[in-house]
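Come along and follow my entries with the structure beside you.

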Amino acid sequence: MARNMTEGKPSSHIIAFALPMLMGSVFQQMYNVVDSIIVGKFVGPNALAAIGTATAPMILFISLLIGMGVGISVIISQFYGANELDSLKRAISTTVIFAAVMVVVITVSALFLTRPLLVMMNTPPEILQDSMDYLYVIFGGLVFMVIYNCYEACFRGIGDSKTPLMFLIISALSNVGLDLLLVLKFNMGVKGTAIATVISQAISGILCFFYVTRYVPVLRLKFSELVFDKEMFKTIVRFSVPSAIQQSIISVGVILVQSLVNSFGAPTMAAYAAAVKIDSFATMPGMNIGNALATFVGQNIGAGKKDRVKSGLFTALRMQWVLCIIVSAVVISLSKVLMLIFINSWETEVIAIGTKYLITVGSFYLLMGTMQCFSGLLRGTGDMTKAMAMSFVNLGTRVVGAYSLAYWGWFGARAIWYAIPLGWAAAALLGFLVYQSGHWGKRVVSKKAAEVEVTDLLSEE
């Protein structure tokens, strides 16, 4: 169900919108996490390390499509907040055509470049083939991932986070069943987990298509409405390219960090793969409050209600700080127990390394939550350039810090863990400075918001 966030208490909208997205993130993470648990427990640490290594190239190749999803979500939220539904449909139509072209280009490129990239990342020989097998299957089914993510972006733009959650739960549960069948019953190893993931994503995408066709007219496109609008494409590019660059920066940073992790050997790789999965769950509340804030901000900017944007930011920050303190306490106190979910108890070296990661990184989730709020504010206003700058500072600080300290004295692999909160702190500081400067909220696509901006300027004169 769509949600109009331009009226009512900001806290009610942010909580009601963030909770389904949080549940959706949990189930979406289940794709990789279930893969990791099953191969870590029943295939071995090397298979777990292979999936962990394969994640970085996968993110690199789909970063443009992820960025497009972020951009279209902002555009739709602004058009929906301004009740400009014709423009909203033209934006969706143009996105569909653009996405179809990009899927073909990215899939072909990824299939050719997978092996060279894995070799460049210092992937050990005993892990290389499994990583390649996993990625070839994932990239072969990329179209299904894109279909679901595009629908999810559209739902998010109109304030509906419950509907995609429903389909994602069905898909995630299907993934669990298929993983168990293909890995345990048919002994297909890492390749089996990838096949299960692709089939499950196909289920979620197909369900979204039929639901929108029947029940969501505002997002439904007739064949006659499927047009490529050049002006709308320019708007989509203006919003999506900075976001795509932002995602690319993230993925390049992930690859550089993963390459450094690989240089410390298979036990560190397996520990990192497991700890990162746990860390992904722990940071979900913060990320989803930031995403909910972005939609709240987008709708209110579209409606020309800038004062509600500030109120929403302060509400989101208070939520973040409370949640992050709770999550930090849980992760630190249960770090070893959480590692045992992925790793058998006799793999003591892997568990010890992963536990150190979780205690170090888990102590600083407050910084991550603050960063996510300022990033959500900037994305919601459409200021993707400054949001991109935050990502660049975050990843740049993380990569430089990790490489600078990794081979210096006591640090070793610990440098990788300590560099993560340093990146969060630097990005949060940049976001705060941008907010304080007042140079935000100027990128609007709706006519209503533009009229409000002009009125404000005239009144100042």
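**Entry 1: helix 10 and helix 14**

I started with helix 10 and helix 14 (residues 365-381), whose axes lie 7 Å apart and pack at an angle of about 25 degrees. I am working with a predicted model, so I treat every value as computed from that prediction. Angles under 35 degrees count as roughly parallel, and helix 10 and helix 14 are therefore roughly parallel to each other. I noted that their crossing is right-handed.

Next I looked up who touches whom. From helix 10, the contact includes Gly286, Met287, Gly290 and Asn291. On the side of helix 14, I found Gly376, Leu377, Arg379 and Gly380 among the partners. I then sorted this contact by class and wrote down eight nonpolar, eight polar and one charged residues.

**Entry 2: helix 11 and helix 14**

I stayed with helix 14 and turned to helix 11. Their axes come within 8 Å and cross at roughly 155 degrees. Angles over 145 degrees count as roughly antiparallel, which makes helix 11 roughly antiparallel to helix 14. Is this crossing left-handed or right-handed? I looked, and the crossing of helix 11 and helix 14 is right-handed.

Helix 11 brings, among others, Leu313, Leu317, Trp321 and Val331 to this contact. Helix 14 answers with residues including Tyr365, Leu366, Phe374 and Leu377.

**Entry 3: helix 13 and helix 16**

My next pair was helix 13 (residues 348-362) and helix 16 (residues 414-437). Their axes come within 9 Å and cross at roughly 20 degrees, which makes helix 13 roughly parallel to helix 16. I recorded a right-handed crossing for this pair.

Which residues of helix 13 meet helix 16? I found Ile353, Lys356, Tyr357, Thr360 and Val361 in helix 13, and they meet Arg414, Trp417, Tyr418, Ile420 and Trp424 in helix 16. The contact of helix 13 with helix 16 divides into seven nonpolar, one polar and two charged residues.

**Entry 4: the largest pocket**

The largest pocket has a volume of about 580 Å³. It is lined by 23 residues, and the closest to its centre are Val96, Ile147, Tyr151, Phe209 and Leu221. Helix 3 (85-120), helix 5 (142-157) and helix 7 (189-215) each supply at least two residues of this lining. I sorted the lining of the largest pocket into 18 nonpolar, three polar and two charged residues.

**Entry 5: the second largest pocket**

I finished with the second largest pocket, which holds about 200 Å³ of space. Of its 13 lining residues, the closest to the centre are Leu19, Leu22, Pro285, Ile289 and Leu323. Helix 1 (10-42), helix 10 (284-302) and helix 11 (306-333) give two or more residues to this lining. Which helix gives the largest share? I found that six residues come from helix 1, the largest share of the lining of the second largest pocket. This lining has twelve nonpolar residues, one polar and no charged.

Technical notes. Residues numbered from 1 in each chain as written. Predicted model: local features only at pLDDT ≥ 70, side-chain atom pairs only at ≥ 80, totals over all residues. Heavy atoms only, no water. 1 Å grid on protein atoms, 1.4 Å probe; cavity = no way out; pocket = protein on both sides within 12 Å on 5 of 7 lines; lining within 4 Å. Points joined across faces, edges and corners; volume = space filled by probe spheres on them. Helix = DSSP H or I, 4+ residues; strand = E, 2+ residues; numbered from the N terminus. Nonpolar A, V, L, I, M, F, W, Y, C, P; charged D, E, K, R; others polar. Axes fitted to C-alpha atoms, helices over the stretch in contact; angles between N-to-C directions. Parallel < 35°, antiparallel > 145°, perpendicular 65-115°, else oblique. Left-handed = near helix turned anticlockwise from the far one by under 90°. Contact = heavy atoms within 4.5 Å.
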